[in-house]
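We will go from single helices to the whole chain, one stop at a time.

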Amino acid sequence: MSNSVTVDTKPYEGQKPGTSGLRKKVKVFVQENYTENFIQCILDVNKTSLIGSTLVVGGDGRYLVKEVVDKIIKISAANGVSKLIVGQNGILSTPAVSYIIRKYKTLGGIVLTASHNPGGVDEDFGIKFNCSNGGPASDATTDAIYKLTTSIKQYKIVPDLNCAIDKIDVHTFQVDQRQFTVEVIDAVEDYVSYMKEIFDFPKIKALIQGTEQRKPFNVLIDAMNGVTGPYVKRIFLEELGCSEKNVRRIVPLEDFGGAHPDPNLTYAADLVEAVKEGDYDFGAAFDGDGDRNMILGRDAFFVTPSDSLAVLADNLECIPYFARGGVRGLARSMPTAAAVDRVAAARALPLFEVPTGWKYFGNLMDAGQLSLCGEESFGTGSDHVREKDGLWAALAWLSLLAHSGRSVQEMLQAHWKQFGRNYFTRYDYENCSSESCEEMMSVLERTMTSPGFVGSAHSAGGKEYVVKLADNFSYVDPIDQSVAKRQGLRIIFEDGSRIVFRLSGTGSSGATVRVYVDSYEAVSVGGAAADALGPLVSIALDISRLKQYTGRDEPTVIT
Ligand code: G6P
Ligand code: ZN
């Protein structure tokens, strides 16, 4: 029998969730009551539905996850939550949390992750709340949480409730005359059985193992020392018959082994090298919490996330989940290249363009209008859960490859031949001064919206582009009519090429400027993106005077 106590506290400034939850340096979260405050506000936003509820709790294994799980257990017990479903050792991938919330119909879940940001005592931590549909909380909910953080005076906790989470078990406690249960579950079991329903595992296994007619398809799957390690082990080693040489970095580490667990050409460069050097037909990497993916073909042929989405969209029928349930609609975030738009048009499917952030897809999925969506930021997923899903994307690609008998590169070439190609690149300038980046964005917005900008011609590298539309993107959700304003400055040219500027919403310090460039070619599809987009990139840097404002000659990352 334990009793809750009420602890006096004071608000902390800046507990405003970004694109994907509250993300700060570990040293910020360990300040006295900082984490407790935020957890209390997450619980409070649920008002009376919290009493007697069940919540899912898990994280990506980074530094501080276990301590914060312990705090969530103690604070939830004191606030009338009836049950927590916790991943063993605090481990659950973000898509797995989404699935478990849906499967067990819980009130929601708390995900402990800073996603693709580095981990460790000097690095990042994060807390995100997902709602009963399994998706990240809406803007209205995160705004309400933030509001609560600005006036919090007390939180409730059961200080002497200690619960081991290292073994699969069910623990029950008596708290303030009520029963409180913590169920520690196998982190991968539910998710893996769901993947086996969605995909044809024997078919993927036959591809990987080879047949008398076909040599084995050699894959290299990189968990980047993030949360997907145990999932990769179960799926690829135990279910699909891969060997140790087909997987890398599958042990989750608190600091990701020093890696920056973001699957792109810069931060997963060693996977790129390994695929190039080895005799591999396919490479895939996932980020810290398992929702992002990068797909490579033989010789590390890179599939841009925008193309990945389009190719998947055009081949979904070979995946049992879609063969059974059909495909309702397609969607992408605004900065994502428009390759998928052409597939939607060819298949007469609705196409939605939403702001950056997976949460914007949720309403459309819940309303049964959206089946597959993706973002240029290495996110791909479907309505099987309400998060993007890295492992799902790799299994989807392997399904397509098994079905078509083609290589990754052949899939892309056939796609471009049929639909034309949207060349795409993104330049990131990380850790710049927030002040000068804000200023750059507001000056740019003024320039773009001043009379005469629409219709103006811009040239570079012997090419000329005429502005057709320039605005700060805003979005009206077709389902609940909620409005998201100021979601990125976009310049659309008469030939359909686009330049988009955004400040990142997922960093933990300073500002990151993202410049996205997308240009369509109907026939000339075989070139290098850097060549095709060079002129537009220099126009983008000129118009924004980016070098002047950031003081940077080169971007930190190019994808
Ligand atoms: C997270 C979200 C994505 C979003 C991305 C954008 O990964 O889950 O949905 O696309 O952040 O990040 P940014 O840093 O550009 O705001
Ligand atoms: Zn992530």
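Helices (H or I, at least four residues) and strands (E, at least two) are runs assigned by DSSP and numbered from the N terminus. With that in hand, select Gly80: this residue comes just after α3 and takes a positive phi of about 90°.

Before moving on, a word on the model. It is a predicted one, in which local features need pLDDT of at least 70 and side-chain atom pairs count only at pLDDT 80 or more, while totals for chains, interfaces and linings use all residues. Residues are numbered from 1 along each chain as its sequence is written, and chains are lettered from A and ligands numbered from 1 in the order in which they are written.

**Stop 1: helix α3**

Now select residues 65-78, which form helix α3. The expected span of a helix is 1.5 Å times one less than its number of residues. For the 14 residues of α3 that gives 20 Å, and the end C-alpha atoms are 20 Å apart, which agrees.

Is α3 enclosed or open? A residue is called buried if 20 or more other C-beta atoms lie within 10 Å of its own, exposed if 12 or fewer, and partly exposed in between, with C-beta atoms placed from the backbone. In α3, 10 of the 14 residues are buried, so the helix is largely enclosed by the rest of the structure. Colour the buried ones, among them Val65, Val68, Val69, Ile72 and Ile73, and also Lys74.

**Stop 2: helix α2**

The buried residues include Phe38, Ile39, Cys41, Ile42 and Leu43, along with Glu36. Just after α2, look for Lys47, which takes a positive phi of about 50°.

**Stop 3: two loop residues**

Select Lys105 in the loop between α4 (94-103) and β5 (108-112). Its phi is near 50°, a positive value in a residue other than glycine. Lys105 has 8 C-beta neighbours inside 10 Å and therefore counts as exposed.

Then jump to Arg545, in the loop between α17 (529-544) and α18 (546-550). Arg545 is not a glycine, yet has a positive phi of about 50°. With 13 C-beta neighbours inside 10 Å, Arg545 counts as partly exposed.

**Stop 4**

Select Ser544, which sits in helix α17. Is Ser544 buried or exposed? Ser544 is buried, with 23 other C-beta atoms within 10 Å. Two residues are in contact if their C-beta atoms, placed from the backbone, lie within 7 Å. Leaving aside neighbours within four places in sequence, Ser544 is in contact with Met440, Leu444 and Phe501.

For another pair, pick Asp169 in strand β8 (residues 169-175). Asp169 and Asp307 are 138 residues apart in sequence and 43 Å apart in space, C-alpha to C-alpha.

**Stop 5: the domains**

Colour the chain by domain: domain 1 (5-187), domain 2 (190-419) and domain 3 (421-558), with bounds from an automatic or database domain assignment. How many residues of domain 2 are in contact with domain 3? There are 18, and they meet 20 residues of domain 3. On the domain 2 side, α13 (359-366) and α15 (408-419) each supply at least two residues. The centres of domain 2 and domain 3, taken over C-alpha atoms, are separated by 27 Å.

**Last stop: the whole chain**

Zoom out. The protein chain has 18 helices and 27 strands, and its C-alpha trace spans about 75 × 65 × 40 Å along its principal axes. Buried residues make up 53% of the 559 residues. Among contacts between residues at least 6 apart in sequence, 74% join residues at least 24 apart.
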